[in-house]
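The stops below are meant to be selected in order.

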Amino acid sequence: MGFTRAKPDEAKAAPRDAQVPAAAAFGPGNAAMFLDLLPVPAAVVEMRGRGFEFEAVNRPFRLAGLGTVASESPLIRLLGMRLRRFLESNETHEEIAWQFGDEVDCRYFRVMFARRADKRGGMRCMVTLVDQTAELRTEHSLRREMMTDSLTGLPNRAGFSDEVEAVIGPDNREQHAVMVVNLDRFSRVNACMGGLAGDELLISVARRLKGALRGRDVLSRLNGDEFGVLLTLDEGPTDALHVAKRIHAALANPFRLSDFEIRVDCAIGIAMGADNDGDPEDLVRNAQFAVKRSKQTGRTEVYHTRAFDIAREQFGMETELRRAIETGALTLSFQPICDLASGKTTSFEALARWTNEEGHKLSPNDFIPVAEESGLIVPLGRWAMDEAARTLAEWDAAAGGDCGIKVAVNLSAIQLQRDQIPTMVKSALDRHGIGGDRLTLELTESAIVTDPDRIAQTMKALKDLGTTLAMDDFGTGYSNLAYLQKLPIDLLKIDRSFVSGMLADRDKIAIVRAVLSLAQALGMQTTAEGIETNELAQTLAALGCTYGQGFLYARPLEKDDAFAYLKARKGP
Ligand code: C2E
Ligand code: MG
Ligand code: MG
């Protein structure tokens, strides 16, 4: 029921021939007599010039405090305009909701104006009022009860939804966010200390949360151990993250429950209004989704649709990666590869490393795919080739001649398609005065699958430069064994997924054995990746694998450490 202060558009105009109470048709004399028969406040009102007069009022009218003289009656003071408009219209009947009195002591009436259809009644009408205060109050308090959490007195889930719907509209959604705060391990408190202690804790948590919020933020209890906050963002989305920090800080001190001190932590999920063009209620659901993720990651999580997330991350990474390549912020690490029979270090694999602007070390497994997708793999690959050749030249210079080691550089399948690899490799070697026989190029099986004819030509040209060609991650792709035989491949690198854990897995051993005998049949050498134990190295050596690479020997090292490693191995 929409009982608010009366507004013009709430008026309901009835059809002209509506039933008219008899008093409006009575003459002045008998109106009073008729009104006294009515159990509800009623008056006959006449408009004279600019003013009104009461022709008659009944007892309930007087008792309701509506006066006896029109000029002093609150009814005329507050509804005079409406009454005038009604009397000047052709309507015979109008009904409005009217709230009379201040907020605390206010009464709700349904007010009806009625008069004769033929205007013989002149500018007069009967006003009757039906007091609906009790009914309305019951309805309000029932509604409030339904919308309130009885434990904390905060809005509950339904109440919160109402608040969100009322506040957030299409024009202001950027200025709002919904945050969900979920307490960690609350069910354990309940189970160990009982429901009463749990209730006490919830009340204290609610109090602290309220203290961490700003005046306009709305706190609610969504369910058991989950609170919702409707936030107003003055400075944009960062506001929400500040509030999240304040909430964590507010909960940092332990809570005292009888004789115990209890530490309560929480997960926080946020949904920004700006990212939501649907139903405001979606914001609550999305924030609940984000809080689930926050439970796993241990961080405050902001909800984005997954696609949005990936696109933003990749775009951000792409821009940063481009800058990193341009400004020389990438580095190469070098991981030794050893001859399994003699234990001698024969080469280093060059592996790209990137510490981004925020200081995070990113894995090539994350940024190489972004480089491939964006085309940045071409400049990245050129840089890696040049940097590897330069480093080898530096090592040679430091060793006073050929330092006796090779460098292996990775080539991505996309890079092979997009760049003139033989020309690129030759110019890098020439630039640093390095012979082709000092270089191994690691290709993956996917390079062969995409365009076997073109790759065959490229590989032949690379062989003509004197380089060694290795098939990286062997076993994980789908290479056609017939091609393997046709292409000038010198070395198979057996993927780490087959090597690690091989000793405890008969299937893996069988695969490794098969690869080793295939390589032997084709006259190729082999490198096992991911050797982490001595036992594994020995087994692989016994099976006839040529080289080994893995943490057992060394993790990828910075170039100076790699050189020191080399020197230490070779002895003085
Ligand atoms: P990959 O070429 O197979 O390189 C071997 C990866 O295995 C390296 O990971 C290395 O750190 C890791 N590894 C080596 N030994 C062990 C071990 O014993 N245990 C474990 N758990 N891991 C080991 P990283 O450096 O993260 O490189 C990942 C991949 O990124 C490389 O795999 C390569 O495919 C690619 N990548 C790295 N640098 C470049 C580059 O300059 N160009 C291109 N195209 N790809 C690159
Ligand atoms: Mg490799
Ligand atoms: Mg590999």
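This is a predicted model: local features need pLDDT of at least 70, side-chain atom pairs count only at pLDDT 80 or more; totals for chains, interfaces and linings use all residues.

Residues are numbered from 1 along each chain as its sequence is written, chains are lettered from A and ligands numbered from 1 in the order in which they are written, and side-chain values use heavy atoms, with hydrogens and water left out.

**Stop 1: ligand 2**

Select the magnesium ion (ligand 2). Its donors are Glu349 (OE), Asn410 (OD1), Glu442 (OE) and Asp472 (OD), at 2.0 to 2.3 Å. Donors here are N, O and S atoms within 2.8 Å of the metal (3.2 Å for Na, K and Ca); water is not among the atoms, so sites may look incomplete. Along the chain, the donor residues of ligand 2 are spaced E-x60-N-x31-E-x29-D. Glu349 in strand S15 and Glu442 in strand S18 (residues 439-444) are 93 residues apart, a pair that links distant parts of the chain. Helices (H or I, at least four residues) and strands (E, at least two) are DSSP runs, numbered from the N terminus.

Colour by accessibility next. Glu349 is buried at a relative accessible area of 5%, and Glu442 is buried at 2%. Buried means under 20% relative accessible area, exposed over 50%, and partly exposed in between (1.4 Å probe, protein chains only).

**Stop 2: ligand 3**

Which residue coordinates both magnesium ions? Asp472 does, and the two ions, ligand 3 and ligand 2, are 4.0 Å apart. Select the magnesium ion (ligand 3) to find Asp472 (OD), Asp473 (OD) and Glu529 (OE) at 1.9 to 2.3 Å. The spacing of these donors is D-D-x55-E. Asp472 sits in strand S19 (residues 468-474), while Glu529 is in the loop between strand S21 (525-528) and helix H20 (534-543), 57 residues apart. Asp472 is buried at 6% relative accessible area, as is Glu529 at 10%.

Asp473 also lies in S19 but is partly exposed, at 25%. Check its backbone: phi is near 50 degrees, a positive value in a residue other than glycine.

**Stop 3: ligand 1**

Show the residues around ligand 1. There are 22 of them, and the closest are Glu349, Arg353, Asp472, Glu532 and Phe551; a residue is near a molecule if one of its heavy atoms lies within 4 Å of it. Polar side-chain atoms of Glu349 and Arg353 each lie 2.9 Å from an oxygen atom of ligand 1. For Glu529 the corresponding distance is 3.2 Å. The protein covers 86% of the 790 Å² of accessible area that ligand 1 has on its own. Strand S15 (345-355), helix H11 (364-374) and S19 each give two or more residues to this shell, and S15 gives the most, with four.

**Stop 4: backbone details**

Select helix H12 (residues 377-399). Its end C-alpha atoms are 32 Å apart, which agrees with the 33 Å that 23 residues should span at 1.5 Å a residue; the expected span is 1.5 Å times one less than the number of residues. Just after H12, Gly400 takes a positive phi of about 70 degrees.

Finish at Arg185, in the loop between strand S7 (176-183) and helix H6 (186-193). Phi of Arg185 is near 55 degrees, and this residue is partly exposed at 46%.

Key:
A polar contact is a pair of N or O atoms within 3.5 Å; within protein, one must be able to donate a hydrogen and the other to accept it, and residues adjacent in sequence count only if both atoms are side-chain atoms. Accessible areas come from the Shrake-Rupley method with a 1.4 Å probe; for residues, only the protein chains shown count as cover.
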